[in-house]
Amino acid sequence: MPSKAGAGFLSVVVLLWLTGTNYENNLILGLAFFLTALFVVCIYHTFFNMSGLLIEAIKSSPCFVGDDGELEMQLSSPSALKRPVARENIQLSFAADQAITVDLIEHSTVTVKLFVKTLERGWYQPPRLKVESHFPLGIVRCWSWLVIDQPILVYPKPIAGGELPVVPAAGQDGERLADPGAEDFDGFKRYQLGASPRHIAWKHYARGQGLFTKEYSSYREPRVWLDWDALEGLGQESRLSRLCYWALKLSATQQPYGLRLPGVSVAPSTGLEHKQRVLKALALFGRGAGRGAGKDTGV
Amino acid sequence: MSERYLLPRNSLLWMVTAQGLAIVPLLWQLPLWLTGVWGLVLFWRLQEFRGHWPMPGRWIKALLVAVSVAGLFASFGRFLGLEPMVAMLICALLLKQLEMQRRKDALLLSYLTFFLIGVQFLFSQTLLASVYGVVCLWCALCSLLSMNQPVGHLYPGRSLKLAGRLLLHTIPLMILLFLVMPRIGSLWSVPSPSQSAKTGVSDRMSPGDFSRLSRSGGVAFRVEFDHEIPPADQLYWRGLVFSRFDGRTWQQAQRWQNRDGPSVMWQGDSSPAWRQQARGQGDTLSYSIILEPTHQRWLFSLTLPVEFERGKDFGLARDYRLLRRQPIHQRLQYSVTSQLDYTLEAEPMPEWRLQQELQLPGGFNPQSLRQARQWRGEADSEQAYIERVLQHFRDRFTYTLEPPLLGDHSVDEFLWQTQQGFCEHFASSFVVMMRAAGIPARVVAGYLGGEYNELENYLVVHQYDAHAWAEVWIPGRGWVRVDPTAAVAPERIRQSLGEWQTSLVEETVSLGRYRHLPLVASLRMRWDAWNYRWHKVVIGFDRDAQSDLLENLLGGVSPLKLVLFVLLGGGAVIGMMMAHLWWQSRPEPVTRAVREFRRVERLLKRLGWVRGAGETPRDFAGRISERQTELALPLQGFTALFERQQYSGEAVAAEEWVQALKSIRRALRNLKYPNLPGREKRRSQA
């Protein structure tokens, strides 16, 4: 398709043709014909600049509602030749205003990150991706729409507020855990081979009471269950937002926490993987969508 | 206002180069101060680029525009006309440079450069100009291309290479268009180059004119004869006839002095009475002339032109030379048929004609007039008198390109004192001597001879071949050509000045100057032959040539044939280009290993196993094997085969592929139907 610049180009051709015809000047006519032919040739050059280009979504990174979801795309141009097939000035864009320009000249594979605005919690299917090129002369536009089969996981928007949504547990407040690194003295224990000499109760040994080691332990914080039911009176999304907020808060400390949603529960734990599991559960609550796998999409 | 668009550095460089190249040939036609504007703009651009100066403000821009417009008006005194318009275009282009704010501006500049490349062909269409135009075009393509290359500056040679590829891909299609696109002819009248210095023989002749002309250099025209080329002493190319003399300068007769019909017979007009007074005899001689632009209206031909170009713009003047309605601003090709043996106005002349051809200004050259009357009295006949005068030339005179200056009585001084002159001195004084003796005579200006180019079999007539001679009217015989120069310097007739006095007529820096070197001589001939061919094939490709060519190619032109020709030809050209593009970006050939792997992928997909992007076959197999241990062995076997062929390059027998695939199938089937262990067996029995 001729671009706007292409229309200007064609008007130059018409102008030259008129000049050449009126002056009966074959060279000017020749120039007009050259530019006309150039336009036709450009259509093919622009097409071949994009044809054979392989665009794959490699992975997506999760984000919170309202943030920009990140998609990692890989552009490659497989070639039978030793050198890569050059492809220049290829623009990828979800929206008209933010296009990313990719050039494949020396490398046959390039990875780029695309950002897309997310609006809803759950698996977010990115809109169609516009792949566009004006190369080589900017007078012809070639474009294609890609459906990206790489949904982005969107977490609920964290909203601060309210008490820690826990339901008081029926059992003991906490468990006492033996922990050799802890500081509180707990009692003595008969020596076992391999115990640290620093922990041996040398005073007892000196009294001839035998070899004992000193035992230390710490009290762990009680396990926290972030509970859906603790947020009575709020709507579904508000509950999820608050749970999300507290999950983030708690994972910043080293405290184990669990999540209880109607029909879903995540056992208390710590760590990054646990946090992601919790957030995913929050994101997908009430949306029974399975995760689709990334898929190749060729242009 | 939107944010300022920054043209990539390399693109800017290309643009300035392309523009510079396109402007340079036009500068010769335009006022000198434009060069100053150009320099200023370039300097400002440079300073701006280096961050020293800002872009000019609104007032400075307004001032620059005002100054330029005033300058244009001061130089031309008008705005309509080709040169003022071109100058205005260049001014706009240059000043726009200082106002490049948006991408749109850069595009506009780029397009204007294309247009400018076309404009330079209005002034010159030689082979050199065409080659130069291609170079300009290449640069302009680079500038447009690099605007679309965000990382173009990293690969400086790349734009040039890509633009060259575009150029080569485009040329075949352009040639096709050039051949078949109909030529419509002028749609409306357009201003012609008017400021250009008129070149060649002019319509006035004063002493010194021809010797100046002979040094002006360049080609006047080229001639191709249909058959044999006549001998050199017959090649008197007649261009102008001078009958009016004011003591110093010769001019053509006034139009109103003709009393027997129109002074010019244009093609298509009915034949006037005077046309009957010219009769050719003997063989006809057909030739075609490619005239370089003279910005004058007369054409050159051998006497007597009996037939000539059919166009309505061509005409035969009362004195039997060819004319064109419009001045020749571009190379012009025309064909003429002449008869060298002729009788011109043998009938007795009417009184008014005699007056015209015997006219002499009063009070000039008294000594010559006296001498003429004396010699005429001594001679028995016109012929004897003519011989007497020629004898005088032969005895005393020298032929030189550097004659002494002459005063008021130019003929007297030349004939009796200086006695050194060039062709115009001899012709002028000879005619004065004839008229003084009562013999009607006139001066004829044109060219003599020409240089034969054997490569393409044509004659080149140079400006230094310019010549003036005389025609004398003898009762019963009509106008007879007499060349007094031949009496003085017979070698001039046989040889051109270019060969005879090379150093005087050729510029220091020219091929012609060194033509005594064999290499230069052959190069010079070859270059001229190319130029000639270029004109014949390309510049002169008009409507007639087009229809002839298509007629030959297609065996008769019909709209259907034409459309088919365009479609097939265009299809072939585009097909070749596409093949080239495809070949350059052809995808990897799919190997057997890849094909088999895809098949396995399809099988696994049915069970919901999909390979992730960037996952290698080995990783994929490993991932599945962890979950489905039954598949581990067959997949492992397959992957081993795949890697053997794809990465180590070892051949894998077809049998092995079949076996590997079969074992995967079997494992999959067992997964699907765990209760049918004997299925495979039963099937093989059947």
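Q: What joins strand β7(A) to strand β10 (residues 152–155) of chain A, and in which sense do they run?
A: This is a predicted model, and in it 3 bridges join β7(A) to β10 of chain A. Pairing takes at least two bridges, so with 3 bridges these two strands count as a pair. They run antiparallel. One facing couple is Tyr124(A) and Ile152(A), the latter in β10(A).

Q: Why are β2 (63–64) and β7 (122–124) of chain A said to stand at the edges?
A: Start with the strand order, which is β2-β10-β7 in an open sheet of chain A with mixed pairing. β2 and β7 each have a single partner strand, so one side of each is left without a neighbour in the sheet.

Q: Which helix lies across β7 and β10 of chain A, and at about what angle to β10(A)?
A: That's helix α5 (residues 272–284) of chain A, which runs at about 90° to β10(A).

Q: What makes β10 (residues 314–317) of chain B and β11(B) a pair?
A: They share 3 bridges in the antiparallel sense. The cut-off is at least two bridges, so these strands pass too.

Q: How do you know that the span of helix α7 (residues 156–180) of chain B agrees with its 25 residues?
A: At 1.5 Å a residue, those 25 residues should span 36 Å, and the end C-alpha atoms of α7 are 38 Å apart, which agrees. There is still a bend along the way: a kink of about 30° lies at Ile171(B), shortly before Pro172(B).

Q: What do the buried residues of α7(B) pack against?
A: They meet α2 (26–50) of chain A, plus α1 (9–27), α6 (127–146) and α20 (559–584) of chain B. Among the buried residues are Leu162(B), Leu166(B), His169(B) and Leu173(B).

Q: How many residues of chain A are in contact with chain B?
A: 50 residues of chain A are in contact with 52 residues of chain B. The helix α2(A) gives the most to chain A's side, with 16 residues. By class, that side has 28 nonpolar, 17 polar and 5 charged residues.

Q: Why does the span of helix α23 (residues 629–646) of chain B agree with its 18 residues?
A: At 1.5 Å a residue, 18 residues should span 26 Å, and the ends of α23 are 25 Å apart, C-alpha to C-alpha, so the two agree. This helix has a kink as well, of about 25° and centred on Leu635(B). Leu635(B) is also one of the buried residues of α23(B), as are Phe638(B) and Phe642(B). The cover over the buried residues includes α21 (592–606), α22 (617–627) and α24 (654–672) of chain B.

Q: Why does Ser3(A) count as partly exposed?
A: Ser3(A) has 17 C-beta neighbours inside 10 Å. Buried takes 20 or more and exposed takes 12 or fewer, so a count of 17 falls in between. Ser3(A) sits in the segment before α1 of chain A. Beyond its neighbours within four places in sequence, its contacts are His134(A), Gly138(A), Ile139(A), Val140(A) and Arg141(A).

Q: What is the value of phi near for Gln419(B), a residue other than glycine?
A: Phi of Gln419(B) is near 55°, a positive value. For Asn457(B), also a residue other than glycine, phi is near 60°.

Q: What kind of peptide bond joins Phe135(A) and Pro136(A)?
A: That bond is cis, with omega about 5°. Pro136(A) lies in the loop between β8 (129–133) and β9 (142–146) of chain A. Chain B has a cis peptide bond between Thr303(B) and Leu304(B), where omega is about 5°.

Terms used:
Residues are numbered from 1 along each chain as its sequence is written. Chains are lettered from A and ligands numbered from 1 in the order in which they are written. This is a predicted model: local features need pLDDT of at least 70, side-chain atom pairs count only at pLDDT 80 or more; totals for chains, interfaces and linings use all residues. Helices (H or I, at least four residues) and strands (E, at least two) are DSSP runs, numbered from the N terminus. The expected span of a helix is 1.5 Å times one less than its number of residues. The bend at a residue is the angle between axes fitted to the seven residues ending there and the seven starting there. Two residues are in contact if their C-beta atoms, placed from the backbone, lie within 7 Å. Ala, Val, Leu, Ile, Met, Phe, Trp, Tyr, Cys and Pro count as nonpolar, Asp, Glu, Lys and Arg as charged, and the others, Gly among them, as polar. Axes are lines fitted to C-alpha atoms, for helices over the stretch in contact, and angles run from 0 to 180 degrees between N-to-C directions.
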